[in-house]
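Reader: I am new to this structure and would like to know what stands behind the terms used for it. Please take my questions one at a time.

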Amino acid sequence: MPMDQIKDTQTIVVSGHRGFKSAYPENTLLSFYEAIQRGADMLEFDLRMSKDKHIVIIHDETVDRTTDSSGEVREFTLQQLQSMDAGGWFDPMFKGLKIPTFEELCEFLKPYPNLLFNIEIKPSPDAIEIADRIMPLLKQYGLIERSIFTSFDASVLGYLFDRYGLKTQGFIGSEMKNFNADEHNGTYSKMWAIGIEMKLLTPQIVERFKEMGLQVWSYCPDTMQKVHFSIGCGAVVLTCNNIMPALELRRLLALAKPE
């Protein structure tokens with residue numbers, strides 16, 4: 001399913017934030033697999049680069065929180081990164097899970113031709129190089145039409161839009177680095193979607209951005225109450241740490257829909 005179809009959807013689009021983050025170690029192949037098996041429509045994940053220029057999937061600038069090691073991601077080689085335990089920090093039963101490369105994830109997801117991807121490039125000195133390095137893989141695996149590209153660095157979004165013509169997701173200007181507030185050629189003009197965290201989400205702000213022509217997505221409605229609120233505000237895509245409440249509400253709405 002191409003990303004464009006979101007504009008016409010009549011149902012809830014559920015995105016797994018770093019996979020099924022609430023129940024499995026984030027940004028691991030297991031976390032992504034479990035989100036897919038539950039019925040997620042989209043996966044959100046984060047890209048950084050190793051010392052030897054491999055693109056890896058990890059959220060933080062350092063490995064401290066999500067592995068058994070410590071130090072900056074960009075100071076380790078791929079071999080060093082993949083020797084770390086990326087699961088035991090979450091629960092001993094997941095000990096031995098690895099930090100995946102972007103290429104490993106692309107290969108892993110080949111059996112799921114309808115899955116969508118929210119690819120976040122983390123702000124870093126390597127961010128533009130990461131953007132350039134992932135393009136051949138995205139083309140090789142036919143993923144560009146199914147992907148949107150996210151960053152909290154507005155200069156990275158601008159580069160992705162200007163250089164490659166890609167669909168981008170940004171955030172409210174006050175949440176971004178290097179935000180350009182120019183009304184006609186600024187950062188908002190280079191976004192296809194905008195992500196709004198729950199504490200900032202209101203019907204009024206959703207309407208404001210929809211009037212600008214943006215798809216409005218919410219982060220992270222992890223309870224049934226927050227899912228209802230997101231939908232009531234007019235959010236199109238729900239990016240969830242816990243995907244189950246959103247999936248359950250989608251199931252109930254489908255049952256209630258007249259034949």
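Reader: Why is Leu166 called buried?

Author: In this predicted model, Leu166 has a relative accessible area of 7%. Buried means under 20%, so Leu166 counts as buried.

Reader: Where is Leu166 found, and what does Leu166 touch?

Author: Leu166 lies in the loop between helix H5 (154-164) and E6. Leaving out residues up to four places away in sequence, Leu166 touches Met135, Ile144, Phe149, Leu160 and Phe161. One of these, Ile144, is 22 residues apart from Leu166 along the chain, and their C-alpha atoms are separated by 8.0 Å.

Reader: What makes the pair Gln169 and Thr150 a polar contact?

Author: The two side chains come to 2.7 Å. A polar contact needs a pair of N or O atoms within 3.5 Å, one able to donate a hydrogen and the other to accept it, so this pair qualifies. Thr150 is also among the residues that Gln169 touches, including Phe149, Trp217 and Tyr219.

Reader: What makes a set of residues a nonpolar core?

Author: The residues must be buried, of nonpolar kinds such as Leu, Ile and Phe, and joined through side-chain atoms within 4.5 Å. The largest such core has 44 residues, and Ile119 is among those with the most contacts inside it. Helix H4 (residues 127-140) gives the largest share, 7 residues. A second, separate core of 19 residues includes Ile172 and Cys233.

Conventions:
Residues numbered from 1 in each chain as written. Predicted model: local features only at pLDDT ≥ 70, side-chain atom pairs only at ≥ 80, totals over all residues. Heavy atoms only, no water. Contact = heavy atoms within 4.5 Å. Buried < 20%, exposed > 50% of the residue type's maximum accessible area, 1.4 Å probe, protein only. Helix = DSSP H or I, 4+ residues; strand = E, 2+ residues; numbered from the N terminus.
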